[in-house]
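Please work through the exercises below with the sequence and the three-dimensional structure at hand. Each task is followed by a solution in steps.

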Amino acid sequence: MTEDPRNGHDTDDVNLATGTKNFEVEEEEASVRPRGERRKQLPSIPDSKTLGAMANTVNNKPATAHKGGSGYSMFFLEYTLMAEYNKLHKQRLPGVYVIPSALTPLVWNGVLFIRQGQYQDGVFKFTINIPENFPHGECPRVLFEFPVFHPVVDPHTGELDVKRAFPKWRPKVHEIWQVLLYTRRIFYKIDTKSPSNEEAAQLYEQDMEQFKKKVTETVQKSKDLLYSDDKSQDPHAIIFSLWDPEVHEEARRQMLNSKKTPNDEDADLQRKNGLSWMKCGSNQIFSRDDSATA
């Protein structure tokens with residue numbers, strides 16, 4: 001669902017049943033680093049060949065409950081999740097930034113920037129809750145920071161109805177990056193069938209002006225909460241701070257210079273005009289301003 005800069009429409013899609021994709025994503029990725037000194041120490045990520053072998057080993061094992069289980073089972077679970085995170089980085093999904101929690105590998109913190117369509121300029125924080133017996137059992141759950149007004153988001157809990165895309169999680173086919181792609185896609189291709197929020201679905205079908213009004217309110221709320229005090233105890237929580245040239249300008253300059261190529265002056269200027277400031281924990285990073293035209 002990457003926006004086509006020529007017409008402003010989505011141009012990518014994914015076959016969630018087979019795990020294949022037929023889209024192009026722009027080369028955009030946030031480099032998020034954890035804050036604090038409390039992060040869990042895990043073994044280094046092995047090479048891709050070893051990761052694949054380990055993932056196949058886990059997928060061929062019968063489903064087990066990891067809660068209270070052996071450390072050996074948890075070891076393989078963590079390596080499986082590390083492999084999933086590595087695959088996510090390779091996808092480079094535009095406007096989607098995720099980092100595993102420092103408190104548990106079963107929770108990932110994320111933020112989604114919406115560039116086009118009804119929800120344009122929305123910045124929605126969310127968490128992915130991964131089952132303890134992953135990759136077996138149910139699909140991961142996605143919960144937004146607040147109940148986003150949307151037909152497939154629960155108006156009370158803020159949980160996205162992921163099961164409509166993944167009715168049965170298939171370990172050798174489905175991957176977490178596909179869940180994130182679906183999370184992004186709902187804001188561009190709105191589905192009103194069997195809604196979680198009946199009011200949103202009804203307004204979308206019968207009263208578009210009122211639907212747009214509600215969406216504008218939910219987009220504004222996402223902005224109002226953007227710089228609110230972070231009450232999370234997670235050192236990897238994604239938080240935002242206002243731009244401070246004395247603190248952030250040098251980091252931006254270094255980042256731009258590190259990506260600069262001999263014939264990239266024009267592209268460099270475009271990147272400068274499309275950057276916004278985000279920080280994760282006490283570490284600052286830059287991400288492309290997704291409210292800008294792609």
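The exercises go from the whole chain to single elements.

The model is predicted: local features need pLDDT of at least 70, side-chain atom pairs count only at pLDDT 80 or more, and totals for chains, interfaces and linings use all residues. Residues are numbered from 1 along each chain as its sequence is written, and side-chain values use heavy atoms, with hydrogens and water left out.

**Exercise 1. Confidence**

Task: State the mean pLDDT of the protein and examine residues 1-14 and 17-42.

Solution. Step 1: pLDDT is the predictor's confidence in each residue, from 0 to 100. Step 2: its mean over the protein is 75, and 63% of the residues reach 70 or more. Step 3: over residues 1-14 pLDDT stays under 50, and the model has 45 contacts (heavy atoms within 4.5 Å) beyond four places in sequence for them. Step 4: residues 17-42 also stay under 50, with 78 such contacts.

**Exercise 2. The whole protein**

Task: Describe the secondary structure, burial, surface and contacts of the protein.

Solution. Step 1: there are seven helices and 10 strands; these are DSSP runs numbered from the N terminus, helices being H or I of at least four residues and strands E of at least two. Step 2: 45% of the 294 residues count as buried, that is, under 20% relative accessible area with a 1.4 Å probe, protein chains only. Step 3: the protein exposes about 15,600 Å², of which carbon and sulfur atoms supply 48%; the areas come from the Shrake-Rupley method with a 1.4 Å probe. Step 4: among contacts with a separation of 6 or more, 62% join residues 24 or more positions apart.

**Exercise 3. The sheet**

Task: Locate strand β3 in its sheet and identify its partner.

Solution. Step 1: the open sheet has five strands in the order β3-β4-β5-β6-β7, with antiparallel pairing. Step 2: β3 and β7 (159-160) are the edge strands, each pairing on one side only. Step 3: β3 pairs with β4 (residues 107-113) over five bridges; two strands pair if DSSP finds at least two bridges between them. Step 4: Y97 stands opposite V111, and V98 stands opposite G110.

How values were computed: Buried < 20%, exposed > 50% of the residue type's maximum accessible area, 1.4 Å probe, protein only.
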